[in-house]
Amino acid sequence: MTYRSWSEDKQAETGELEQTSVTRDELFMRKLVDATLMKNKLWTHLSNECQDRREHVIYVTMDEQQLPEGYGAAIADAALGLCKMSSMYSPEYMLWNGRSFEELELIESAGYTMELAEQLLDHYMVRADKTYEILYSVLDTDRKKVLFFMKEVDL
């Protein structure tokens, strides 16, 4: 699979960022997140493409206007400021406190890529009688983390 940068201004591809070989499960997870951390930069996903059922492409941009309104800068700050590593992909939950995102400790088993993909399909998560709205998700391939940016809601 390949990550390619896209310019909305030019309406054109502006280069290849990374090419990597991944399992089908990991490919599915990578296509579901809202953004990916690569080369210490936050790249927002714009679209996915598959050519001849073999060549998978994710188009990304660094345009900050693609981040969620009201949360964008805080998401970028939190995603770039984290440093915990993992040997296999696992979730990391970040909770909105009204100004920024703080790590939320939830007891989770090690995340397999398909379990993480299932979580990425959900808009809400309920844990210990609390409901969280999932605002945004970021894949950090270097740290092997999927970051879930959430806020607590009453439903």
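A polar contact is a pair of N or O atoms within 3.5 Å, where one must be able to donate a hydrogen and the other to accept it. In this predicted model, the side chain of Thr-36 makes such a contact with the side chain of His-45, at 2.7 Å. Thr-36 belongs to strand 3. Its relative accessible area is 0%, so Thr-36 is buried. Beyond four places in sequence, Thr-36 touches Tyr-3, Lys-41, Leu-42, Trp-43, His-45, Leu-139 and Thr-141.

In helix 1 (residues 24-32), the buried residues are Glu-26, Leu-27, Met-29 and Arg-30. These residues lie on the same side of helix 1, because they cover an arc of only 165° around the axis. In helix 2 (residues 72-81), burial involves Gly-72, Ala-74, Ile-75, Ala-76, Ala-78 and Ala-79. Their cover includes strand 3 (35-38), strand 4 (41-51), strand 6 (90-96), strand 7 (101-104), strand 9 (130-140) and strand 10 (145-153).

Six aromatic pairs are present in the structure. One joins Trp-6 and Tyr-59, with ring centres 5.9 Å apart. Their planes stand at 80°, so this pair is edge-to-face. The pair links distant parts of the chain, since Trp-6 sits in strand 1 (residues 2-7) and Tyr-59 in strand 5 (residues 55-61), 53 residues apart. Trp-6 is partly exposed, at 26% relative accessible area, whereas Tyr-59 is buried, at 10%.

Trp-96 and Phe-101 also pair, with ring centres 4.9 Å apart. Their planes meet at 55°, so this pair is tilted. Phe-101 is buried, with a relative accessible area of 8%. Tyr-71, Trp-96, Phe-101 and Phe-149 form one aromatic cluster.

How values were computed: Residues numbered from 1 in each chain as written. Predicted model: local features only at pLDDT ≥ 70, side-chain atom pairs only at ≥ 80, totals over all residues. Heavy atoms only, no water. Buried < 20%, exposed > 50% of the residue type's maximum accessible area, 1.4 Å probe, protein only. Helix = DSSP H or I, 4+ residues; strand = E, 2+ residues; numbered from the N terminus. Contact = heavy atoms within 4.5 Å. Arc of directions from axis to C-beta. Phe/Tyr/Trp six-rings, centres within 6.5 Å; stacked < 30°, edge-to-face > 60°.
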